[in-house]
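Have your viewer ready, with the cartoon on and side chains at hand. We will go from stop to stop, selecting a few residues each time.

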Amino acid sequence: MGRPPKNKEIGEENNNEEDQIERLLKQKEFSGLHYGCRSGTEIETQDLITTSSYLFDYVLGGGYRSGSWARFYGDPETGKSSMGLCWARNWQEFWNEDGFALIFNAEGRITKDLIDRTGIHTEGNRFRIIDCNNADVIFTLIERLLNDNPKELKYFVMIDSTDACQRSIDITKNLGESEKIGGSAAIQSAAGKRLSLLFNRRKHFLYMSSQVRDKLNTQSPGVQGKDASGGNAPKFYNSLVGQIQKPWTDTLIYENPSDKKSKIIGRLVSIKLIKTPNEKTGEIVQFPCKHGLKGGIWKNYEAMMICQAWEFYKKENQTWWYVTEQFAEELKSKNIQFQDKFQGERQMRDYFDSNNDLTNYSFEKLKNIIS
């Protein structure tokens with residue numbers, strides 16, 4: 001038997017299906033169990049907020065996304081906390097007075113010096129740091145805060161770190177009894193079930209840092225890798241996961257690039273992307289950070305890296321860098337001062353460091369090339 005004929009004539013608008021869904025969702029038995037339904041123009045794109053690194057933004061397709069979770073893991077002192085605070089500052093500046101940074105200092109390692117160096121805004125109406133490592137308190141507080149939000153603030157929530165969190169049920173136990181196998185994964189899995197959709201629909205953002213662990217390879221026992229602590233459960237709810245790799249000699253930035261015994265003034269932060277929202281999984285992104293520089297990212301150095309990689313300046317005779325004719329003409333047309341050649345990377349780096357116009361135009365040129 002065929003399907004019964006429709007009551008409406010062909011071509012006549014029929015919105016009964018959508019209306020019926022909306023009516024059903026408004027029924028009392030479904031109250032508080034959903035965040036509505038959408039179609040057409042109601043399906044909005046996520047907001048893109050800069051990571052502060054042009055190269056990182058380029059790989060991510062414009063920056064990190066509102067309404068999502070991110071998780072970064074790595075060895076101690078690889079920059080997980082600094083990057084999170086830097087992203088929180090960018091969030092504040094993107095949303096202006098509506099952007100709020102809520103930091104859970106679970107490890108107790110976020111200091112005033114670290115906060116000052118990242119440049120985050122610490123006014124009480126835009127920032128709060130909560131010293132707490134109780135997972136039940138942290139995630140329950142987050143849920144209630146996002147559901148009871150009369151000012152409609154946009155929250156950037158950072159948990160540093162999830163490995164330092166413990167459950168309320170473990171507090172009364174002796175130290176040797178409190179640790180549960182897979183406890184971190186269980187905590188984050190439960191939180192993901194309750195909060196992931198809430199963050200997505202309200203356009204908030206959650207940044208979590210965690211430790212790294214050795215990953216056993218049963219096929220080749222002699223070959224070991226690194227993995228995030230907490231197992232696979234947290235990966236399901238995060239849109240962006242990255243491993244911040246431990247610094248090695250080739251990533252260090254020396255005062256004199258040709259002398260590895262000279263003072264170390266910064267490093268190239270290297271992140272392996274484990275999961276991304278734009279099919280860039282597996283890529284490695286690098287961006288420069290300078291010790292003591294407010295905000296961390298060394299933008300002028302990054303501009304120099306772009307000019308070298310995209311050959312706006314070309315290297316000849318091992319040590320000399322020469323500007324290309326086309327790039328030189330563009331700089332002249334924009335009345336931007338530039339030097340046509342450099343002997344060695346240090347001379348080039350120092351010149352870019354003192355020329356913000358050249359730095360900004362390098363970013364702009366790459367943006368035009370990409371688009």
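The largest cavity holds about 50 Å³ of space. To find this cavity, select Leu60, Gly63, Tyr64, Arg65, Ser68, Trp69, Ala70, Phe205, Ser239, Leu240 and Pro277, which line it. Two elements, β2 (64-65) and β3 (68-74), each give two or more residues to that lining, and β3 has the largest share with three. Colour the lining by class and you will see seven nonpolar, three polar and one charged residues. Here Ala, Val, Leu, Ile, Met, Phe, Trp, Tyr, Cys and Pro count as nonpolar, Asp, Glu, Lys and Arg as charged, and the others, Gly among them, as polar. A search of the whole structure finds one cavity of 30 Å³ or more.

A few words on how to read this tour. This is a predicted model, in which local features need pLDDT of at least 70 and side-chain atom pairs count only at pLDDT 80 or more, while totals for chains, interfaces and linings use all residues. Residues are numbered from 1 along each chain as its sequence is written, and side-chain values use heavy atoms, leaving out hydrogens and water. Helices (H or I, at least four residues) and strands (E, at least two) are DSSP runs, numbered from the N terminus. Cavities and pockets come from a 1 Å grid over the protein atoms alone: in a cavity a 1.4 Å probe fits but cannot get out, a pocket is an open set of points with protein on both sides within 12 Å along at least five of seven lines, and lining residues have an atom within 4 Å of a point. Points are joined across faces, edges and corners, and a volume is the space filled by probe spheres set on them.

Next, the largest pocket, with about 840 Å³ of space. Select Glu77, Thr78, Gly79, Lys80 and Ser82: of the 40 lining residues, these are the closest to its centre. Then show α3 (80-95), which gives the most to this lining, six residues. Other elements that each supply at least two are α4 (112-118), β7 (205-210), β12 (264-275) and β13 (284-290). By class, the pocket lining divides into 15 nonpolar, 16 polar and nine charged residues.

Now move to α5 (135-147). Which residues of α5 are buried? Pick out Ala135, Ile138, Phe139, Ile142, Glu143 and Leu146; buried means under 20% relative accessible area, exposed over 50%, and partly exposed in between (1.4 Å probe, protein chains only). Look down the axis of α5: these buried residues fall within an arc of 125°, so they line one face of the helix. The arc is taken from the directions from the helix axis to the C-beta atoms. At the start of α5, a side-chain oxygen of Asn134 comes to within 3.0 Å of the backbone nitrogen of Asp136.

Finish with some loops. Between α3 and β4 (99-104), select Asn96, which has a positive phi of about 55° although it is not a glycine; Asn96 is partly exposed, at 44% relative accessible area. Glu152, in the loop between α5 and β6, also has a positive phi, near 55°, and is exposed at 61%. Go on to Ser161, in the loop between β6 (154-160) and α6 (168-171), where a cis peptide bond joins Asp160 and Ser161, with omega about 0°. Last, select Thr251, between β10 (240-244) and β11 (252-254); Thr251 is buried, with a relative accessible area of 2%.

Key:
A polar contact is a pair of N or O atoms within 3.5 Å; within protein, one must be able to donate a hydrogen and the other to accept it, and residues adjacent in sequence count only if both atoms are side-chain atoms.
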